[in-house]
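Below are the things I looked up, in the order I got curious about them.

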Amino acid sequence: GAVTTVGNSAFANCKFTGFALPTSLTTVGDFAFQNCENEAFGNLENLTSIGTYAFSNCTLGDITISANATVGERAFANTTVRSVSYNAPTLTKNAFNGATVSETFTLSDNVTYIGIGNFSADKNDTVNATLNKVQTIEDNAFKDTDFNTDISIPFGATVGNNAFDGATLKNVSYDAEIVSVGTFKESTMDSLTLGNHTTKLDKFSFQKSKIDGEKLTLGQVNIIESYAFQEAILPKTVVVPSSASYYNNHVFSGVTGGETLLVYGFYNMVPTAFTHGSSFKTVLINANIVDNSNVEYGDNQKAHNRLTSMVSGHIIYMTNETSRINAEVPNNNGVVGVTNGGTFPEDTVFTSEKLATPTKEGSIFEGWYESSDFSGKPVTTPVNNKTYYAKWTGMENMSLQYKETKKISVSGNITLS
């Protein structure tokens with residue numbers, strides 16, 4: 001009858017000439033073809049059970065793993081393969097450990113579990129996969145892997161530590177609840193979109209990564225742990241959303257590329273080295289900041305160097321004078337603008353040459369003043385190591401004469417009668 005099974009170690013260490021697996025074969029046992037030298041096995045698409053070490057140390061051509069197959073650990077360990085089309089739901093850990101795939105490794109949308117140890121930098125692995133149906137990605141699963149395709153991590157997925165550490169990525173869409181420790185550490189990507197379900201960026205999650213694009217908005221994140229973006233290369237504008245309720249130390253320390261950091265979150269402290277040594281020219285802190293000089297963060301030191309050592313001429317916007325004092329700014333090489341309850345929309349154009357124009361519900365902006373009592377004339381050009389205060393006039397106190405022109409900056413609706 002037709003051959004359906006090859007038993008354990010049946011052809012281990014054999015050297016075949018012109019051998020091909022019969023189409024009737026569905027099961028290959030452990031070590032069945034280990035150390036065989038032959039490219040004529042065929043594409044394996046009819047196999048439904050592949051044992052541990054079944055094809056380890058073999059030389060294969062183009063292979064297809066079917067959607068109903070189960071693959072044992074190290075089934076293709078140290079194997080040389082031209083290309084892989086993988087359709088089984090589980091990519092077993094170490095199934096391709098040490099394997100060399102000379103062309104591409106394609107993971108279909110049927111794959112929901114990605115085990116560790118299948119890809120490595122020294123083998124120059126290149127992957128085609130969207131990952132949009134994935135449920136679990138183990139620690140280090142795609143470490144140092146190059147992707148030819150955009151990836152989309154769905155809501156409900158669990159992504160392990162350092163899963164994409166050192167990977168080269170295209171456009172990344174991420175909606176899993178947590179970006180785990182070091183998930184994208186030292187990776188590069190064309191763009192990053194965080195979905196509304198992502199609530200936590202864990203330690204080192206994007207440390208030393210390179211994220212291209214003009215703007216990075218951190219979705220609806222609640223918690224940003226220490227060193228999350230330390231020494232990363234970021235887009236020009238970075239937005240921390242109003243949903244953010246906690247940030248740990250060194251989150252943006254040493255960042256380059258970023259010029260504007262808009263922190264709309266309501267966390268009432270500025271942690272140790274939050275932007276220390278970064279390239280940001282403009283920083284907005286929208287929350288009411290309390291004194292956290294005695295608070296210890298993850299480095300076991302009391303809060304220090306919170307907004308220091310940024311580029312010369314930087315401007316930090318604080319919501320009120322108490323917040324400015326508690327954040328211990330201005331720095332010698334920058335200025336502070338106290339908005340007195342005003343804020344800035346995300347599309348505000350900021351420059352280091354002049355203070356930007358804020359908005360405030362029900363109020364008209366009258367200019368920036370060096371004195372908190374608004375004596376003297378409005379300031380047009382800021383000077384380092386100084387603080388400037390936004391002056392507002394309530395709209396209920398505004399009057400216009402017939403044919404009078406007055407430039408106003410407000411948020412909300414205006415009704416003229």
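This is a predicted model: local features need pLDDT of at least 70, side-chain atom pairs count only at pLDDT 80 or more; totals for chains, interfaces and linings use all residues.

In which loop is His 250 found? I traced the chain and found His 250 in the loop between strand 26 (246-247) and strand 27 (260-263).

Then I listed what His 250 touches, leaving out residues up to four places away in sequence: Tyr 227, Gln 230, Thr 272, Ala 273, Phe 274 and Asp 299. I also looked at Pro 271, which is 21 residues from His 250 along the chain. Their C-alpha atoms are separated by 7.5 Å.

**Another loop residue**

I moved on to Ser 180, which lies in the loop between strand 18 (178-179) and strand 19 (188-189). Ser 180 counts as buried too, with 12% relative accessibility. What lies 2.5 Å from a polar atom of the Ser 180 side chain? I found the backbone oxygen of Val 159 there. Val 159 also turns up in my contact list for Ser 180, along with Gly 160, Asn 161, Asp 202, Lys 203 and Ser 205. Again, that list skips residues up to four places away in sequence.

**Strands**

How do strand 4 and strand 7 run, parallel or antiparallel? I got parallel: 4 bridges join strand 4 (residues 62-65) to strand 7 (residues 83-86). For one pair I noted Ile 65, whose bridge partner in strand 7 is Tyr 86.

Strand 7 pairs with strand 10 (residues 105-107) as well, in the parallel sense over 3 bridges. Here I wrote down Val 84, with Phe 105 as its bridge partner in strand 10. So strand 7 has strand 4 as one partner and strand 10 as another, by the definition that two strands pair if there are at least two bridges between them. A reminder for looking at these: in a regular strand the side chains alternate between the two faces of the sheet.

**Cysteines**

How many disulfides does a search of the whole structure find? I got 0. Cys 14 is in no disulfide, and the nearest cysteine sulfur, that of Cys 36, is 5.2 Å away. Cys 14 is partly exposed, with a relative accessible area of 26%.

Cys 36 is in no disulfide either; the nearest cysteine sulfur is that of Cys 58, 5.0 Å away. I put Cys 36 down as buried, since its relative accessible area is 0%.

How values were computed: Residues are numbered from 1 along each chain as its sequence is written. Side-chain values use heavy atoms; hydrogens and water are left out. A disulfide is a pair of cysteine sulfur atoms within 2.5 Å. Buried means under 20% relative accessible area, exposed over 50%, partly exposed in between (1.4 Å probe, protein chains only). Helices (H or I, at least four residues) and strands (E, at least two) are DSSP runs, numbered from the N terminus. A polar contact is a pair of N or O atoms within 3.5 Å; within protein, one must be able to donate a hydrogen and the other to accept it, and residues adjacent in sequence count only if both atoms are side-chain atoms. Contact means heavy atoms within 4.5 Å.
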